[in-house]
Amino acid sequence: MTDIERYRRLYPKGSKLELLSDLDDPYTPKLAGDIFTVDMVDDAGNIHGSWASGGSLSLIIGVDQFRLVR
């Protein structure tokens with residue numbers, strides 16, 4: 001199983017992730033505690049979806065800090 005396949009099993013569509021540290025993006029900053037709903041994991045290992053606070057800034061596995069909440 002590749003890493004991408006493993007990530008897709010760990011974070012299927014509809015999974016909820018909690019951001020553990022702020023994302024310092026000049027256009028859509030996200031604060032620790034914000035909840036992210038997964039839509040898909042792409043071939044590069046980026047997690048796409050939407051934030052409870054609005055927006056769709058993706059999460060990068062190995063860079064951004066988050067945890068699976070359900």
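A: Contact here means heavy atoms within 4.5 Å. The model is predicted, so local features need pLDDT of at least 70 and side-chain atom pairs count only at pLDDT 80 or more, while totals for chains, interfaces and linings use all residues. Residues are numbered from 1 along each chain as its sequence is written, and side-chain values use heavy atoms, with hydrogens and water left out.

The residue is Glu18, which sits in strand E1, residues 16–19. Strands (E, at least two residues) and helices (H or I, at least four) are DSSP runs, numbered from the N terminus. Apart from neighbours within four places in sequence, Glu18 touches Gly33, Asp34, Ile35, Gln65, Phe66, Arg67 and Val69. With Arg67, the side chain of Glu18 makes a polar contact of 2.8 Å. A polar contact is a pair of N or O atoms within 3.5 Å; within protein, one must be able to donate a hydrogen and the other to accept it, and residues adjacent in sequence count only if both atoms are side-chain atoms.

Glu18 counts as buried because its relative accessible area is 18%. Buried means under 20% relative accessible area, exposed over 50%, and partly exposed in between (1.4 Å probe, protein chains only). Asp24, in the loop between E1 and E2, is exposed at 77% relative accessibility.
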